[in-house]
Amino acid sequence: MDKPLILIGGMPRSGTTLLSRLTSEALNVPFAPETHYFTAAYDKHGTLCWNQLPDAVKENPKLAAAYREIRDQPKGRPAFRKLLSCLIGDSDIIGEKTPAHLTVFSDLLKNDSKIYCVVIVRDFFDVIESLSNVPWNSRPWPRNLIRCIKYWRKTYQLKRQHPQKCTVIRYRDLCEKTNEIMDLISTRLPEGKGTSMRSELFDPEKEHWKRNASQAPSKRSHPVNIRTLPRFILARICFIACTKIRPIEFDQ
């Protein structure tokens, strides 16, 4: 029988790791490390391609072993659940966080009544500035801004289609109202008992840019100066336009 599954998604560098860690610790939900199952594990023909996965996945022995267990299964929800089961083991409720999985949340919610998702949204400028400081991001800032707009549209559609199974929160609210956000998520999770196992969300040595995700800061924003002012203005215009054209109903 499928177990309740909580999925966390959003733009990279929008606070998904922080949200996963807080949810894991506050609500006793074991989270798998990022699997990138739906976004990088398969080619266009549906063949599992290990070499396409990020280095952080390929260098994780547990993830490597879990992927070997599903190598003969077709891409889809059953194989994804088996992958998570191999990673987490016995628990009444499980969690997974891969930011880009947001793009498939709608399809997963349609076909699995035991999936619940949380999406976190952050100011566009802060996201693109944060992405410029991580080693794995090779996209120029205009492409990252376009991706922010795309993910906003996906979140808007997801919330409209599945209002009872999707919670959308702001990054700033998570930082400033951490307890309230955790209480909100706990009231919407399916009943179940987690495990006391420690969630290994990331390796701080290999993914040093995530080291600050251990606790919610009181305030996080990137400064605006002469160099960044054009990006700030364009990002702010795009963010305001998104809020007006596709207003998301936030849950906090």
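A cavity is a set of grid points where a 1.4 Å probe fits but cannot get out.

Entry 1: I am working with a predicted model. I looked for cavities of 30 Å³ or more and got two. I then listed its lining, which has 14 residues, and noted the ones closest to the centre: Met11, Ile120, Val121, Cys148 and Tyr151. Strand 4 (115-121), helix 7 (124-131) and helix 8 (141-161) each give two or more residues to this lining. Helix 8 has the largest share, with four residues. I sorted the lining of the largest cavity by class and found ten nonpolar, three polar and one charged residues.

**Entry 2: salt bridges.** I counted 13 salt bridges. I looked up lysine 97 and glutamate 34, whose side chains form a salt bridge at 2.3 Å, N to O. Lysine 97 is in strand 3 (residues 94-97), while glutamate 34 is in the loop between strand 2 (31-32) and helix 2 (37-40), so I noted a link between distant parts of the chain, 63 residues apart. I checked the accessibility of lysine 97 and glutamate 34, and both are buried.

I went on to aspartate 112 and arginine 81, which form a salt bridge at 2.8 Å, N to O. Aspartate 112 sits in the loop between helix 6 (105-111) and strand 4, and arginine 81 sits in helix 5 (residues 77-88), so this pair ties together parts that are 31 residues apart in sequence. Aspartate 112 counts as buried because its relative accessibility is 5%, and the cut-off for buried is under 20%. Arginine 81 is also buried, at 9%.

My last pair was lysine 177 and aspartate 173, with the closest N and O atoms 4.0 Å apart. Lysine 177 is partly exposed at 32% relative accessible area, whereas aspartate 173 is buried at 8%. I also noted that salt bridges with shared partners join Asp2, Arg77, Arg81 and Asp112 into one network.

Entry 3: I found leucine 174 in helix 9 (residues 171-176). Leucine 174 has 0% relative accessibility and therefore counts as buried.

**Entry 4: a surface patch.** Which residues form a nonpolar patch on the surface? I wrote down Val224, Leu229, Ile233 and Ile237, which together have about 320 Å² of accessible area. I placed isoleucine 237 in helix 11 (residues 229-245). Isoleucine 237 counts as exposed because its relative accessible area is 51%, and exposed means over 50%.

How values were computed
Residues are numbered from 1 along each chain as its sequence is written. This is a predicted model: local features need pLDDT of at least 70, side-chain atom pairs count only at pLDDT 80 or more; totals for chains, interfaces and linings use all residues. Side-chain values use heavy atoms; hydrogens and water are left out. Buried means under 20% relative accessible area, exposed over 50%, partly exposed in between (1.4 Å probe, protein chains only). Patches are made of residues with over 30% relative accessible area and no salt bridge: like charges are joined within 9 Å, nonpolar side chains (Val, Leu, Ile, Met, Phe, Trp, Tyr) within 5 Å. Accessible areas come from the Shrake-Rupley method with a 1.4 Å probe; for residues, only the protein chains shown count as cover. On a 1 Å grid over the protein atoms alone, a cavity is a set of points where a 1.4 Å probe fits but cannot get out, and a pocket is an open set with protein on both sides within 12 Å along at least five of seven lines; lining residues have an atom within 4 Å of a point. Grid points are joined across faces, edges and corners, and a volume is the space filled by probe spheres set on the points. Ala, Val, Leu, Ile, Met, Phe, Trp, Tyr, Cys and Pro count as nonpolar, Asp, Glu, Lys and Arg as charged, and the others, Gly among them, as polar.
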